[in-house]
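Subject: Handing over the structure

Hello,

Here is the structure I promised to pass on to you. Please have a look at it, and then read on for what I found.

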Amino acid sequence: MKRLLLMGAPGSGKGTQAAIMAAHLGIPAISTGDIFRANVAAATPLGVEAKKYMLRGEYVPDSVTNAMVRSRLSRPDAATGFILDGYPRTVSQVDFLDDVLAGQGAKLDAVIMLVVDVEEVVRRLLRRAEAEGRSDDTEEVIRHRLELFARETEPLAQIYDGRGLLTRVDGVGPVSTVATRVLAAVNDGAEFSSVEEPGQA
Ligand code: AP5
């Protein structure tokens, strides 16, 4: 059983690595950003509310995000473990997740922080903007998302470091190389010598 958090700046590769981890570990990757985008696309009340914040690169209010995560974690597929991608991002979300897990008699196993320098993530997201046209990938909004990450979310690493759960992983290099580092970190280096993954760097 693994209950894992994947943290990192916008564009650090959380979504990319969460998908690979999910396939290798047989547990669901749960991305709050993906859930919000699905709700925006379906124009649900949650999506209408979230869109106002996402377009500006702001965090969706904790009350909305926390309720959504509680609901997602209560689904049966998350009972055997999960990879949370992009949650928690605030101290209040850390506290909320602690309460949810305590209510299940569960606790986190590991927290991975992908480390990528700012100019590299800006390059990646501008490239993605051209390929996919994600609405929050304009340079101005990307820079704002990065500022918010540095101010609100990066400090959470100290909390998890203090609990002995945090591993910082170099997120620069081919996707498969980063994946091998991540999987080694969550498995204490034991089960994975390398990941063969054809994704491009
Ligand atoms: P979210 O979707 O989580 O956006 P983000 O954190 O800005 O992260 P990204 O999805 O942009 O990047 P990523 O780290 O997942 O990297 P990826 O693998 O995609 O959240 C969107 C919004 O939702 C937030 O701004 C907020 O409004 C709201 N939200 C979400 N969670 C919230 C929360 N907890 N609380 C409040 N609000 C919340 O890769 C990026 C690009 O780089 C891709 O093109 C990829 O192909 C490429 N790439 C990946 N790895 C590599 C590599 N090793 N080398 C080169 N390129 C690579």
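This is a predicted model: local features need pLDDT of at least 70, side-chain atom pairs count only at pLDDT 80 or more; totals for chains, interfaces and linings use all residues.

Five strands make up an open sheet with parallel pairing, in the order S2-S3-S1-S4-S5. At its edges stand strand S2 (29–31) and S5, each with a single partner strand, so one side of each has no neighbour in the sheet. From one strand to the next, the twist averages 25°. On the S2 side, three bridges join S2 to S3, and these two run parallel. Ala29 has Ile83 in S3 as its bridge partner.

Five of its six residues are buried, so S4 is largely enclosed by the rest of the structure. S4 pairs with strand S1 (residues 2–8) in the parallel sense over five bridges, and five bridges also join S4 to strand S5 (residues 166–170), again running parallel.

Next, the packing. In soluble globular proteins, nonpolar side chains tend to be buried together. Here, the largest nonpolar core has 33 residues, of which Leu73, Phe82, Leu97, Leu108, Val111 and Tyr160 touch the most other members. The elements that give two or more residues to this core are S1, helix H4 (62–73), strand S3 (81–85), helix H5 (91–103), S4, helix H6 (118–132), helix H7 (139–153) and helix H8 (156–162). H5 gives the largest share, five residues.

What does Val111 touch, leaving out residues up to four places away in sequence? Its contacts are Leu5, Met7, Tyr160, Leu165, Leu166 and Thr167. There is also a second, separate core of 15 residues, with Leu6, Ile27, Leu114 and Val169 among them.

Enjoy exploring it, and do write back with any questions.

Best wishes

Methods:
Residues are numbered from 1 along each chain as its sequence is written. Side-chain values use heavy atoms; hydrogens and water are left out. Buried means under 20% relative accessible area, exposed over 50%, partly exposed in between (1.4 Å probe, protein chains only). Helices (H or I, at least four residues) and strands (E, at least two) are DSSP runs, numbered from the N terminus. Two strands pair if DSSP finds at least two bridges between them. A nonpolar core is a set of buried Ala, Val, Leu, Ile, Met, Phe, Trp, Tyr and Cys residues joined through side-chain atoms within 4.5 Å. Contact means heavy atoms within 4.5 Å. Axes are lines fitted to C-alpha atoms, for helices over the stretch in contact, and angles run from 0 to 180 degrees between N-to-C directions.
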